[in-house]
Amino acid sequence: MTTIRARQTLRDLLDARQIVVAPGVFDGISAQLTRRTGHRAAYLTGAGVAASGFGLPDIGLVTATEMAERVRMIVGVLGDIPLIADADTGYGAPANVVRTVREYESAGAAAIQLEDQAFPKRCGHLPDKELVEAAEFEQTLAAALDCRSDDNFLVIARTDARAPLGLDEAIDRGNRYAQAGADIIFVEAPEGTDEIERIAREVHAPLLINLVPGGLTPIESTARLQELGYAVAIHPGTSLARAIHAMLEALSELSGSNAADHLPHQPAEFFNLLGMAEWAEISERYRTTQVLPWA
């Protein structure tokens, strides 16, 4: 019953056309504090789970099973508060997407977010993102929409087209994904207030915006986003960033080192603390363009 109430709550909030502010949660204490400080929704950040749960950068290294288990735990902490849950690319082909959606729905999420990056994905505020074709992502959406058992379990379609293909393509994809049946559209990483405003004018669907400290998108006020008509504003890194700063200061005090030498100010600097350079070297080491014959 708690899951049903949480999903209905999110649907009711969206129908009321009052912007939903969803802080990022990534572990039990962040979920508990979100609940106790009176928030109406929460956002399970994939980057936060990768970092806090596994000490990894947000480059597609966490599995669907690991994420679904984190969803289940956090839903148990949040109770009636709806959880919007990041599911990256759906973790594979349409059949994998079906399993992912079923696992997230069973775990109690109120909404699942899927994106049109190629696997392995990258944080939306990092460079060098690669996309699948829009038609391929529409098949991902079709699989997700067809297999859900509760229509109040919302499907959010995220496009990362802004950086590699430009804002026009991002807006076109947003409208395509809305026509394909996505409940909410998420155009990732608009660069500047004018782009935020244009997306609000030209994408004809309920909209989600991602506000990342030090990221590519300016941090607009909740009141301004409400005026523009955005439905959801997620703040995935706000609590995590402050926690990291506090931990670095405390640990540096113990070791006698300088916290300023480590403090991140942009997403890329944060991921470097988690071994981004090492993982990039591994990826490059095994990269190949050679077509291998079947054995």
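In the predicted model, Arg-162 is a buried residue, its relative accessible area being 15%. The side chain of Arg-162 forms a salt bridge with that of Glu-191, at an N-to-O distance of 3.6 Å. This pair connects distant parts of the chain, since Arg-162 belongs to helix H7 (residues 162–165) and Glu-191 to the loop between E6 and H9, 29 residues apart. In contrast to the buried arginine, Glu-191 is partly exposed, with a relative accessibility of 34%. Arg-162 is also one of the residues in contact with Glu-195 when neighbours within four places in sequence are set aside; the others are Leu-167 and Pro-190. Glu-195 itself is placed in helix H9 (residues 193–202). With a relative accessible area of 11%, Glu-195 falls under the 20% limit and is therefore classed as buried.

The strands of the model are arranged as a barrel. Eight strands close in the order E1-E2-E3-E4-E5-E6-E7-E8, with parallel pairing. From one strand to the next, the twist averages 25°. Helix H4 (residues 64–78) packs on the sheet and touches strands E1 (20–25), E2 (42–44) and E3 (83–86). The direction of H4 makes about 165° with that of E3.

E5 (residues 154–159) pairs with strand E6 (residues 184–187) in the parallel sense over four bridges, and Ile-156 has Ile-184 as its bridge partner in E6. Strand E4 (residues 111–115) likewise pairs with E5 in the parallel sense, over five bridges. Here Gln-113 has Ile-156 as its bridge partner in E5. Strands of a sheet pair through backbone hydrogen bonds, in either a parallel or an antiparallel sense.

E5 is mostly covered, six of its six residues being buried. In a regular strand, side chains alternate between the two faces of the sheet. In E5, Leu-154, Ile-156 and Arg-158 point one way, whereas Val-155, Ala-157 and Thr-159 point the other way. The residues of both sets are buried.

Among the buried residues of E5 is Arg-158, for which the relative accessible area is 4%. Which residue meets the side chain of Arg-158 in a salt bridge at 3.7 Å? The partner is Glu-188, the distance being taken from N to O. Side chains of opposite charge can pair when their charged atoms come close. The count for the model comes to 19 salt bridges.

A further salt bridge joins the side chains of Arg-224 and Glu-197, at 2.9 Å from N to O. Because Arg-224 lies in helix H10 and Glu-197 in helix H9, this pair ties together parts that are 27 residues apart in sequence. Arg-224 is partly exposed at 26% relative accessibility, and Glu-197 is partly exposed at 23%.

Pro-218 occupies the loop between strand E7 (207–210) and helix H10 (222–228). With a relative accessibility of 26%, Pro-218 is counted as partly exposed. Apart from residues up to four places away in sequence, Pro-218 touches Pro-190, Gly-192, Thr-193, Ile-196 and Leu-211. Pro-190 is also in contact with Glu-195. Between Pro-218 and Ile-282, which are 64 residues apart along the chain, the C-alpha separation is 33 Å.

A nonpolar patch on the surface is formed by Met-247, Leu-251 and Leu-254, which together have about 370 Å² of accessible area. Leu-251 is located in helix H11 (residues 238–255). The relative accessible area of Leu-251 is 55%, so this residue is exposed, the cut-off for that class being over 50%.

Definitions and conventions. Residues numbered from 1 in each chain as written. Predicted model: local features only at pLDDT ≥ 70, side-chain atom pairs only at ≥ 80, totals over all residues. Heavy atoms only, no water. Pairing = 2+ DSSP bridges. Helix = DSSP H or I, 4+ residues; strand = E, 2+ residues; numbered from the N terminus. Axes fitted to C-alpha atoms, helices over the stretch in contact; angles between N-to-C directions. Contact = heavy atoms within 4.5 Å. Buried < 20%, exposed > 50% of the residue type's maximum accessible area, 1.4 Å probe, protein only. Patch = residues over 30% accessible without salt bridge, like charges linked within 9 Å, V, L, I, M, F, W, Y side chains within 5 Å. Areas by Shrake-Rupley, 256 points an atom, 1.4 Å probe, with all protein chains shown as cover. Salt bridge = Lys/Arg side-chain N within 4 Å of Asp/Glu carboxyl O.
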